[in-house]
Amino acid sequence: MNTKTTRRKIDLAKLIVHPGNVRAPDSYSADGLEALKASIETLGLLQTPVVQPLPGGQFGALIGGRRITALQALKAEGRIDYGAIDCLVIEAEVPHVTAMSLAENATQERMHALDEFAAFARMADDGMGIPEIARAFGLTERHVRERLTYGRIHPEIRAAYRDRSLDALKAYGCNPDTEAQLAVYTALDNYERGQAHIIRARLEKVSLLASNPRAEYVLDRYRAAGGPILEALFPENSVLQDSALVDTLLLARLQEEAEAIRADYGFGWTKVLPAPDFALLANYTTLRSQQRTLTAEEDARLEQICTRLEEIEDEHAHADSEEAAEALQIEAETLQDEIDHLQRPVYDPAEAAGAGVIIWWQQSEPQARIGLVERAPVAPVAETPTEADDVDGFPDATDAGDDAEIEADAPEAIAYSARLLEDLGLERAEIATLALTEAGPLASTAALFTVAVIGLTGTHPQGLLLTRENAWTRHSGGQHRDTPILTALGTATAALSLDWLNEATPERQFRAFCALSETQREAILAIAVGKLLTLPMKAGKVFSFGEVIASGAMTSIRSLWTPDLTFWGRLTRPQMLAVLRDLGMPNMAAGMAAAKKADLVGYMTKLFAGADIGLNDAQRAAVDAWTPADMDVLPREGDTADPVEHDDTATAEEVPLLLEAAE
């Protein structure tokens, strides 16, 4: 139908929402109305309302009811001084006005988010500041910065994501370097391009962001040195472009901290490392420190600090704001630093002059060892050792004289604590899980076998805990452990195709799971089956189902795991000395008997890290194969091994079935 309209100015006071308007005023969202008010106040009225005369001299808005409501609110608030506005007026006799209102609302198509992002970027490029854009659309400045960030992602990437997950697209915004964005996008496969966490991880590897702890540590100096920075709309996403300068400044600041420690304690030297070197640290022993005697003034200050810390604890519990709580926390940390300084150890000045400090960067902060003295070199043992040789220094590990005789004796049993044995059992399951990720169809075959046994017999194979509570979290190291095994498992888990878990129903989940490739399903089952394994440390190995899976996935624990600083630090000195004797090195054990535990831990770490310290072939082979008793996996069928006890819940067919799947 043709509807005649005339354009005329109408006083705001005479305008109302038409009764035939399909959008009731009480349906207007408060946030949406505020955004519209901000737009009108900043940019003016961009669309002309369509109204119809009503009885009583009023005009009802068929199209533009929200605009009129926003205008009237702005005038009431004194933010605009409009008297009348332009309107398109249709005749009072025109029928079907509700159809007109519905058509205007129903035929609108919302702008694609990518077009909105690009529009924000163009506004900024045209000279509109972020505060101005925020006012124009009633948004927070943070919201505007987010839209600008997404609108400045490389155009080729934005085009590729028009019909894909915008969450994945937004991940590119964590790095403002568009060339780095494109390089990462190009290197990803189709699956990875849909995984936001993978995209972020790759971008963080190719650029040093200002939020990286290494960058934060030297950021002020980097800026002062004129280091190039690719600024981002969010400062933490800015990129420090000269990584060599960052490394130089980091080492310089570490050197300053080392010098401050050296001067404070009266040490004679410092050494700065870019990363931890435990093999190097094993070459040093630590001076014995003494308790510092406080002066009367210092003692009074210490008592004052302790009183204040008790007050802070009470005030923190009743803080009325996050800012107040944070200020109290900072004060407490400052006072604790003062306590540490007052109670710092002291050293004999003559001894301290020959000692030093080694400092390095580790993960997110500096680490330092103080009071270090280089260990005296190990004296080589003569072919016919004398009594003096055993007194003057540690015997050489290659000496086969006494060792050969002691090796003939049965190795002594090493008694570990119950807590350590439980943790090692949990670690066995972690190691087996990592092995399963490289074991082909073994995990899927094990899963099928488990379902078959349960379905046919009503029992489940021992060693596979079907109700998962994630036993790994029971490890005494808690959530703060950081081992190569856990790092590798984290990488493998992050690469899993898990979008199917987000489906709303089991049916849709199953269909999505079936749509995965066989390789993707195998990767999922490897981690899933591994998380159900139970591989406790037991005296006397048994063929539980979990043990069978582990032995099918790897030939030995040592193929993936090496005893490191974390492991040796949990052993006692007698236990470590027993390990040396177990390795065919009794002379070394005797020579290290008087060493401090820290020095013995350093030596064992260095020994198992493969350092060349003069082992003979037999000793090196023993080191490379050693694990705590009962930690290694069972030998595969046909391998040379002592007979093992079979558990009653396992059948003779389990072993060849699973091992065949692994091969």
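Select lysine 75 to begin: this residue is partly exposed, with a relative accessible area of 39%. Here buried means under 20% relative accessible area, exposed over 50%, and partly exposed in between, with a 1.4 Å probe and protein chains only. The model is predicted: local features need pLDDT of at least 70 and side-chain atom pairs pLDDT 80 or more, whereas totals for chains, interfaces and linings use all residues. Residues are numbered from 1 along each chain as its sequence is written, and side-chain values use heavy atoms, with hydrogens and water left out.

**Lysine 75 and its surroundings**

Lysine 75 lies in helix α2. Helices (H or I, at least four residues) and strands (E, at least two) are DSSP runs numbered from the N terminus. Display next the residues that lysine 75 touches, leaving aside those up to four places away in sequence: Leu12, Ile80, Tyr82 and Gly83. A contact requires heavy atoms within 4.5 Å. Leucine 12 is 63 residues from lysine 75 in sequence, yet the C-alpha atoms are 9.1 Å apart.

**Helices α1 and α2**

Select residues 30–43 (α1) together with residues 65–76 (α2); their axes come within 9 Å and cross at roughly 70°. Helix α1 is therefore roughly perpendicular to α2. Angles of 65 to 115 degrees count as roughly perpendicular, under 35 as roughly parallel, over 145 as roughly antiparallel, and the rest as oblique. Axes are lines fitted to C-alpha atoms, for helices over the stretch in contact, and angles run from 0 to 180 degrees between N-to-C directions.

To see the contact, show Gly32, Leu33, Leu36, Lys37, Ile40 and Glu41 of α1 with Arg66, Arg67, Thr69, Ala70, Leu71, Ala73 and Leu74 of α2. The residues of this contact divide into seven nonpolar, two polar and four charged. Ala, Val, Leu, Ile, Met, Phe, Trp, Tyr, Cys and Pro count as nonpolar, Asp, Glu, Lys and Arg as charged, and the others, Gly among them, as polar.

**Helix α24**

Move to residues 545–553, helix α24, where nine of the nine residues are buried, so the helix is largely enclosed by the rest of the structure.

**Helix α26 and its neighbours**

Now select α26 (residues 573–582) and α28 (residues 597–608), which pack at an angle of about 35° with axes 10 Å apart. In α26, Arg573, Met576, Leu577, Val579 and Leu580 meet Lys597, Leu600, Val601, Tyr603, Met604 and Leu607 of α28. This contact comprises nine nonpolar, no polar and two charged residues.

Within α26, colour the buried residues Gln575, Met576, Leu577, Ala578, Val579 and Leu580. These buried residues pack against α25 (565–568) and α27 (586–591) as well as α28. After α26 comes glycine 584, with a positive phi near 80°.

**Aspartate 630**

Continue to aspartate 630, in the loop between α29 (617–625) and α30 (654–662). Its phi is near 75°, a positive value in a residue other than glycine. Aspartate 630 is partly exposed, with a relative accessible area of 25%.

**The whole chain**

Buried residues make up 40% of its 663 residues. Of the contacts with a separation of 6 or more, 73% join residues 24 or more positions apart.
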